[in-house]
Amino acid sequence: MTGHYLVLSAILFTIGGIGVLIRRNAIVVFMCVELMLNATNLAFVSFARMHGSLDGQIIAFFVMVVAAAEVVVGLAIIMTIFRSRKSSSVDDANLLKY
Amino acid sequence: MTPVYMAAGDIPTPHIEYGRLAPVLIVLGAACVGVLVEALAPRAQRYGLQVLVSVVGLVAAFAWTIALGIGDQPHHVAAMGAVGVDGPTLFIQGTILVLALMSMLLIAERRHEDSPFTAQASTVPGSPEERESLVAGLVQTEIYPLVLFAVGGMLIFPAANDLLTMFVALEVMSLPLYLLCGLARRRRLLSQEAAVKYFLLGAFSSAFFLYGTAMLYGFAGSVRLSEIAAAISKQGGDEPLLLAGVALLSVGLLFKMGAAPFQAWKPDVYQGAPTALTALMASCTLVAAVGGVLRVFYVGLETLRWDWRPMMWAVAILTMLVGAIVAITQTDVKRMLAYSSIAHGGFLLTGVIATNKAGLSSTLFYLAAYGFTTVGAFAVITMVRDAGGEAGHLSRWAGLGKRQPLVAGTFAFFLLAFAGIPLTSGFTGKFAVFQAAMAGGAMPLVIVGVVSSAIAAFFYVRVIVLMFFSEPLADGPTVSFSPATATAVAVGAFVTLVLGVIPAPALHLAQSAANQLFVR
């Protein structure tokens, strides 16, 4: 049974990864990263069930806290660049290259 | 499927060795004090208090690290095995603390302008509010606690004995750095762009790190590195879960040290970030990241080395070549040093691949030598200034040697050390890692390393020729002198010279630190 959850977690992780690569809006890119982190949580919890240990569930809590901290920092940074450029597209941020 | 039963009383109180963890706790404690200073002290006193708290915290942590190193033979675990306190870790932590102190001299610098960081981060670049904040002489003193939090994360990262601790340390070190990158005083659009790029790519790579951790947890039933190693020797190394986990984990780790193909963030971030912070990132973050790579590959995956070696060979070769070749076309001095840092990451990986004591000790020595040279070089960059801030474009450096021979000469010395010319620490470090790699049977790697050093020497020497053999510009940059920055430059130059001329004591220290390898 837990195998199904692992497959779901892999699918979510892949959707998140593809989203980061193809989406243009910084907020959506960031949402996709969060999706990847949540896919990881699902994998941790399924493995915890499989091994019959609590470690994986505890790790999921740590990941949630870290993800929350990342949201705070990330939205602050995206807000700053949005206010200076009036755009949150990652394609518009192109002053630094080569 | 086993049901999980757990009564409330079953969780034992963790045993924490505060003495052995003290360096990390002091730095994080100083950061918390810094937050309180920000909340309670009047604005006029904050700068002095913050600098005092930061310097005292870093010095105390360094002193404690030394005490731990010379006390008894350090080979312990602390906090229920989550953190290792051993020779290599203490060496890395000591190096990070000294380099952070040197970078702190640049971060606290206010002789060139009020601060290297923005007056008020919330103002839009070019707006009337920004001008007002500049006229009012505001400074964003929150940067000091942020730097200390980042340094605290860097201290835990190479010491983490399980992957969860390592992940938390990775984020504690990265999150403040993402913010700090966006806080430059000049060229703020570039700086904010660097912060967005660093943040999005960094978060992306930590998701990979974490998914790799989940796979290894699924394989071994634990995230403790020693138990992963035990599971590998018991169950064999060809499980798909294990291999997927190692690959994803490596992506996260190699991203942090900026190895090719995950190097794309490095030039942008190094160029856009405030130079004082670039000095911190190029030295301390690299030391911490390589420390983490060393621990994962020497403790957790050591028994699997025949499987990961081909991958790391490819990464090391690509990193050395990409760094050295792309640097040739660069026109911005910080961007050029960023590519040079990528190439140096490749040289460090040749030491990691050796997986023997010589590999470990030579990598440690290389890290220390490279860190001092880097902080010194970026300190020189903060001194050479135009009307609009630092003179970033290389053409502005033309003829600097004729007008400011001392400053240009010191910078040339640092560049020669990067190139690995004898009598500088760069030569000793490269010699040590290549020797270890050869002993580990990685002859082709050494050949690629020497070739890419030769390519790299071309663009270092080109800058020296530009500084000394072309005519000075009429409106060329001036050198802004200040005691703090000059101290950072002098320490960098002194250590680079000493490690090049009499390397034996430092090599011996690295060898004795690496003697027992990492604690499991």
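## Interface and sheet of chain B

Across the interface of chain B and chain A, one salt bridge is found (a Lys or Arg side-chain nitrogen within 4 Å of a carboxyl oxygen of Asp or Glu). A:Arg85 pairs with B:Glu193, with 3.2 Å between the closest N and O atoms. The model is predicted: local features need pLDDT of at least 70, side-chain atom pairs count only at pLDDT 80 or more, and totals for chains, interfaces and linings use all residues. Residues are numbered from 1 along each chain as its sequence is written, and side-chain values use heavy atoms, leaving out hydrogens and water.

| Chain B with chain A | Value |
|---|---|
| Residues in contact (heavy atoms within 4.5 Å) | 47 of chain B, 49 of chain A |
| Buried area (accessible area, 1.4 Å probe, lost on being put together, summed over both parts) | about 4,100 Å² |

Carbon and sulfur atoms give 77% of the buried area.

Helices H6 (163–181), H7 (188–220), H10 (265–272) and H13 (333–353) of chain B each supply at least two residues of the side that touches chain A. Helices here are DSSP runs of H or I with at least four residues; strands are E runs of at least two. H7(B) gives the most, with 22 residues.

Chain B also holds an open sheet. Its three strands run in the order E4-E3-E5, with antiparallel pairing (strands pair if DSSP finds at least two bridges between them). E4 (389–390) and E5 (478–479) of chain B are the edge strands. Two bridges join E3 (384–386) of chain B to E4(B). B:Asp386 stands opposite B:Gly389.

Technical notes
Chains lettered and ligands numbered in written order. Buried area = accessible area lost by both parts, 1.4 Å probe.
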